[in-house]
Amino acid sequence: MINIMFFNIINRCLNFKIFLDKLKLNLLSNNNKLNKVEYLSGKIQQGVCCSLLLIMGSCANEQTNKQPPNILFCVADDASYAHFGAYGCDWVKTPNFDRVSNEGILFTNAYTPNAKCAPSRSCIITGRNPWQLEAAANHWPYFPDKYKTVCEALRENGYETAFTGKPWGPGKFKEGRELIGTRYDVKGETPTSEIENTDYAGSLNLFLKERNKKKPFFFWYGGWEPHRYYEYGSGIEKGGKQLDMIKQTDIPSYWPDEEKVKTDMLDYAFELEWFDLHLGKMIDLLEKQGLLENTMIVVTSDNGMPFPRVKGNPYEHSTHMPLAIMWKGKIINPRKVNHSLISFIDFAPTFLEAAGIDIATSGMQPISGKSILNILTSEEERNERKVLLQGRERTDVGRPNDWGYPVRSIRKDSLLYLYNFHPERWPGGNPETDFRDTAPGPTKEAVIKSGESSVWWEACLGLRPQEELYNLNQDQECMNNLCNTEAYVGIAAELKEELFQLLKKEGDPRMEGKDDYFDQFPYINDTERGLYDRTILKMNKKR
């Protein structure tokens with residue numbers, strides 16, 4: 001486009017010069033006028049040439065400024081909002097996340113619509129809420145062919161796309177399709193037997209060497225950490241941590257305060273620090289190669305930590321996500337904190353807008369999220385979102401017929417309202433399957449051991465009422481249900497009505513009375529599908 005612009009400018013200048021030459025010929029009979037015309041002609045031609053150079057320089061600068069950015073999207077696997085240094089945590093060390101926040105923007109109100117790996121990542125790559133994604137609302141689904149991902153849209157518009165570690169998933173999709181991009185998994189040494197042996201930074205380095213340097217890139221860093229399992233005691237033995245680093249206020253009231261739980265938390269911390277270590281190496285790589293200035297770096301997690309009542313659940317600790325974005329030279333007033341209400345469905349439209357791709361012609365299904373590019377590149381401090389919608393379907397098996405535990409929720413101001421469609425079902429999976437839909441590990445063992453009469457067992461494993469309401473200003477742990485409190489009965493009814501109206505607008509099948517819609521889609525993990533029914537069959541045989 002700019003070459004054509006230059007050609008037109010030069011062509012006009014040449015035509016103007018021809019006009020001046022003709023003018024001189026017409027005035028040859030008058031020497032005085034000729035001298036004046038020659039002088040004027042020379043001056044005009046000089047001015048035109050200078051103007052041409054200025055225009056060309058301006059166009060070149062404009063082209064540089066409009067060059068599509070590279071995007072480095074970094075997503076930890078099961079890391080909670082509160083466990084990054086930038087948010088005040090002192091027992092998990094995350095200097096590189098903190099650097100991104102210090103040199104960019106730290107967001108305090110970012111949320112995933114679903115606190116489980118596959119559905120959370122489905123929301124990220126489509127810009128749609130889980131109830132708008134058919135089978136992809138579930139964990140371990142077959143990703144529907146009809147939903148083009150933002151990565152595919154970027155690739156069709158000139159980007160190179162690649163990933164290392166954990167991409168979208170777990171689940172399956174059409175053979176030959178690349179939901180994210182080309183896999184780069186260089187192997188390396190790890191400090192424990194449970195940390196994935198992928199050299200994430202080494203993988204990025206290999207991609208940067210092999211990529212087409214004339215194209216912008218989108219690179220997905222999907223750390224497998226701090227997903228379970230952990231090498232028990234590694235946080236202390238190999239991470240140099242101590243039990244007294246965990247203060248009583250660091251342990252949620254829904255877990256027992258005991259050494260086993262603290263050790264489990266420190267092992268989690270050690271793995272999260274491994275994710276952060278590779279983040280730092282990646283930033284250094286970009287800086288050394290002169291790519292940092294035009295690379296948008298986004299760092300977050302897919303859902304809360306893999307502990308009881310957190311991962312897979314609809315509560316504040318489950319869905320509240322860390323988010324820091326750095327973009328050298330583009331972010332206005334870096335080192336700022338932003339309190340806008342952000343949903344993971346906002347990532348896709350943000351990436352498209354940054355890349356100069358029109359959503360309407362991207363080929364993606366209609367996007368529910370809103371771009372936050374204005375927050376990054378202007379003085380604006382707020383987006384338009386006033387409420388946040390979230391939903392849960394089948395997160396893991398462990399109930400009859402592989403049923404899920406469907407929930408819809410709305411967050412408005414400081415209130416979180418939840419509607420549980422089947423309160424008769426076990427939210428963490430049936431007892432017969434050892435509560436399979438509850439994150440495993442030493443903390444879960446401690447909760448089960450505490451017994452059904454304990455507050456920990458009840459909070460993490462027990463049945464729940466149909467409606468829940470929490471004031472997050474006073475109750476971040478979501479332990480004090482206000483639905484039956486006289487002062488909040490009317491408020492709960494209003495929030496339910498608003499929630500259901502918004503869900504109807506977004507085409508949620510549950511608002512149409514399709515109760516089994518999401519359960520009809522098969523659980524793709526063959527070894528676990530039908531777990532409850534097989535467990536009951538074995539129990540009956542033993543009898």
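Leaving aside neighbours within four places in sequence, Asn-114 is in contact (heavy atoms within 4.5 Å) with Pro-119, Ser-120, Pro-130, Ala-137, Asp-302, Gly-391, Arg-392 and Glu-393. The model is a predicted one, in which local features need pLDDT of at least 70 and side-chain atom pairs count only at pLDDT 80 or more, while totals for chains, interfaces and linings use all residues. Residues are numbered from 1 along each chain as its sequence is written, and side-chain values use heavy atoms, with hydrogens and water left out.

Asn-114 is placed in the loop between β2 and α4 (117–126), where helices (H or I, at least four residues) and strands (E, at least two) are DSSP runs numbered from the N terminus. With a relative accessible area of 2%, Asn-114 is buried; the term buried denotes under 20% relative accessible area, exposed over 50%, and partly exposed in between, for a 1.4 Å probe and protein chains only. A polar atom of the Asn-114 side chain lies 2.9 Å from the backbone oxygen of Gly-391.

Asn-114 and Gly-391 are also among the residues that line the second largest cavity, together with Pro-113, Ala-115, Asn-313, Pro-314, Thr-319, Gln-390 and Arg-392. On a 1 Å grid over the protein atoms alone, a cavity is a set of points where a 1.4 Å probe fits but cannot get out, a pocket is an open set with protein on both sides within 12 Å along at least five of seven lines, and lining residues have an atom within 4 Å of a point. Grid points are joined across faces, edges and corners, and a volume is the space filled by probe spheres set on the points. The second largest cavity has a volume of about 40 Å³, and strand β10 (residues 387–392) supplies the largest share of its lining, 3 residues. This lining divides into 3 nonpolar, 5 polar and 1 charged residues, with Ala, Val, Leu, Ile, Met, Phe, Trp, Tyr, Cys and Pro counted as nonpolar, Asp, Glu, Lys and Arg as charged, and the others, Gly among them, as polar.

Across the whole structure, 2 cavities of 30 Å³ or more are found. The largest holds about 50 Å³ of space, and its lining, which includes Arg-309, Lys-311, Asn-313, Asp-437 and Arg-464, has 3 nonpolar, 3 polar and 4 charged residues.

Strand β6 is mostly covered, 7 of its 7 residues being buried. Thr-295, Ile-297, Val-299 and Ser-301 are buried on one side of β6, and Met-296, Val-298 and Thr-300 on the other. Strand β1 (residues 70–76) runs parallel to β6 and is joined to it by 7 bridges, with Val-299 of β6 as the bridge partner of Cys-74. Pairing of β6 with β7 is antiparallel over 4 bridges, and here Ile-297 stands opposite Met-326 of β7; strands are taken to pair if DSSP finds at least two bridges between them.

Helix α3 (residues 95–102) has 6 of its 8 residues buried and is therefore largely enclosed by the rest of the structure. The buried residues of α3 are Asn-96, Phe-97, Asp-98, Arg-99, Val-100 and Ser-101, and they pack against β2 (105–111), α8 (259–288), β6 (295–301) and β7 (320–326).

Conventions
Polar contact = N/O pair within 3.5 Å; in protein donor to acceptor, adjacent residues only side chain to side chain.
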